[in-house]
Amino acid sequence: MAASAKTLTVANRSLNGDWTVVLPRRGRHKKHLPTIRSQEQQQPWVPTDVETDPIRTSKLIQKMQICMKKIESSSFYRTLLDQIQTPEILHCLHRVLGSESKMQMVIYGIGSIESYEPPRLQLSLAVLMKRKFSWIGDIEVFDPILSATESRVLEALGCSVLSVNEQGHRRAIKPTMFFMPHCEAELYDNLLHANWGVELLNRVVLFGNSFKTYEQHISEFKNSAIVGSAKRILSIRPFTREFRINTVSDDYFGAFHDSSWHFFGPVLETELRSIKF
Ligand SMILES: C[S@@+](CC[C@H](N)C(=O)[O-])C[C@H]1O[C@@H](n2cnc3c(N)ncnc32)[C@H](O)[C@@H]1O
């Protein structure tokens, strides 16, 4: 699929199921590209195929189990666990948790776990992290392309599937890890918009496309339309601590390249309010 005309990147899926990030070309035709709606337009959602298929469901559960085993025994996973347990990241996580013992996880934009391996690897990582760390609470998932069968499998894995398309506008009233692998810039921007305040941003952990890379691409390819849809990504950069994910081997490149943990630490509301959009 293609990102909104206004987003920084246009993501294309190659035949082997990997998303590649393609920078927008000048004069690219915009009219067929989907856009992400504003908060007011959040809508109830149901999968287009209402029926679940028991054979497809059990095959997909099996595929997910194989995928989770593969990740669990990988040096990619061991490296990621070691990274999470470094003093720098532990410090950031404790700050987000504050006095709470758990942070919930919200997964946006996982993609089709039935059709492609990168979404399966991404979901496997999220579920394994929840099993490993007692401080990770319930997992909620949303992607408008999920089928009824995929929703059933997500539930079998202990996740709940949202029935509303929030367009990324979830406010972090409690500590929340947003797991948004390879989403469009506009979805990250919507999330930042909904949480544009010191307290809210301090309760957010974001796993997603590297904001540093967005900034580098934008300074390289000056384009006001792109800057417009990534404006909060760019504005929050000075208050962001970012830790890159090490994909370790080619097996995990497709699912996790250019991904980072992000923590946000503005101190004063005035620092945010002085930013003009
Ligand atoms: C570039 S794809 C990435 C898919 C997958 N994570 C991967 O890396 O292969 C972006 C995904 O975001 C989903 N998406 C679009 N709008 C969304 C929304 N409002 N909430 C959640 N996901 C959304 C799309 O359906 C698509 O599956």
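Colleague: Is the crossing of helix 1 and helix 5 left-handed or right-handed?

Modeller: The model is a predicted one. In it, the axes of helix 1 (residues 54-72) and helix 5 (residues 148-156) come within 9 Å. Their crossing is right-handed.

Colleague: Which residues of helix 5 make the contact with helix 1?

Modeller: On the side of helix 1, the contact is made by Arg56, Thr57, Leu60, Ile61 and Met64. The residues of helix 5 that meet them are Thr149, Glu150, Arg152, Val153 and Ala156.

Colleague: How is helix 1 oriented to helix 4, parallel or perpendicular?

Modeller: The axes of helix 1 and helix 4 (residues 117-132) come within 9 Å and cross at roughly 70 degrees. Angles of 65 to 115 degrees count as roughly perpendicular. That makes helix 1, relative to helix 4, roughly perpendicular.

Colleague: Which residues of helix 1 meet helix 4?

Modeller: Helix 1 passes helix 4 in a right-handed crossing. Helix 4 brings residues including Glu117, Arg120, Leu121 and Arg131 to the contact. Those on helix 1 are Lys63, Met64, Cys67, Met68, Lys70, Ile71 and Glu72.

Colleague: How many salt bridges does the whole structure have?

Modeller: A pair counts when a side-chain nitrogen of Lys or Arg lies within 4 Å of a carboxyl oxygen of Asp or Glu. A search of the whole structure on that basis gives 9.

Colleague: Which residue forms a salt bridge with Arg170 at 2.9 Å?

Modeller: Arg170 is in the loop between strand 7 (164-165) and strand 8 (176-180), and its partner is in strand 5 (residues 136-142), 30 residues apart. Both residues of the pair are buried. With the closest N and O atoms 2.9 Å apart, the partner is Glu140.

Colleague: Which residues are linked with Arg170 in a network of salt bridges?

Modeller: Arg170 forms a salt bridge with Glu140. Arg170 also forms one with Glu166, the closest N and O atoms being 3.0 Å apart, and Glu166 is buried. The residues linked with Arg170 in the network are therefore Glu140 and Glu166.

Colleague: In the salt bridge of Glu215 with Arg237, which residue counts as buried?

Modeller: The closest N and O atoms of this pair are 3.1 Å apart. The pair links distant parts of the chain, with Glu215 in helix 8 (residues 211-220) and Arg237 in the loop between helix 10 (231-236) and strand 10 (240-244). Glu215 has a relative accessible area of 31%, so it is partly exposed. At 16%, under the 20% limit, the buried residue is Arg237.

Colleague: Which residues does Gln83 touch, not counting residues up to four places away in sequence?

Modeller: Gln83 is in helix 2 (residues 75-84). At 16% relative accessibility, Gln83 counts as buried. Leaving out residues up to four places away in sequence, Gln83 touches Ile89, Phe243, Arg244, Ile245 and Trp261.

Conventions
Residues are numbered from 1 along each chain as its sequence is written. This is a predicted model: local features need pLDDT of at least 70, side-chain atom pairs count only at pLDDT 80 or more; totals for chains, interfaces and linings use all residues. Side-chain values use heavy atoms; hydrogens and water are left out. Helices (H or I, at least four residues) and strands (E, at least two) are DSSP runs, numbered from the N terminus. Buried means under 20% relative accessible area, exposed over 50%, partly exposed in between (1.4 Å probe, protein chains only). Axes are lines fitted to C-alpha atoms, for helices over the stretch in contact, and angles run from 0 to 180 degrees between N-to-C directions. A crossing is left-handed if the near helix is turned anticlockwise from the far one by less than a right angle, and right-handed if clockwise. Contact means heavy atoms within 4.5 Å. Angles under 35 degrees count as roughly parallel, over 145 as roughly antiparallel, 65 to 115 as roughly perpendicular and the rest as oblique.
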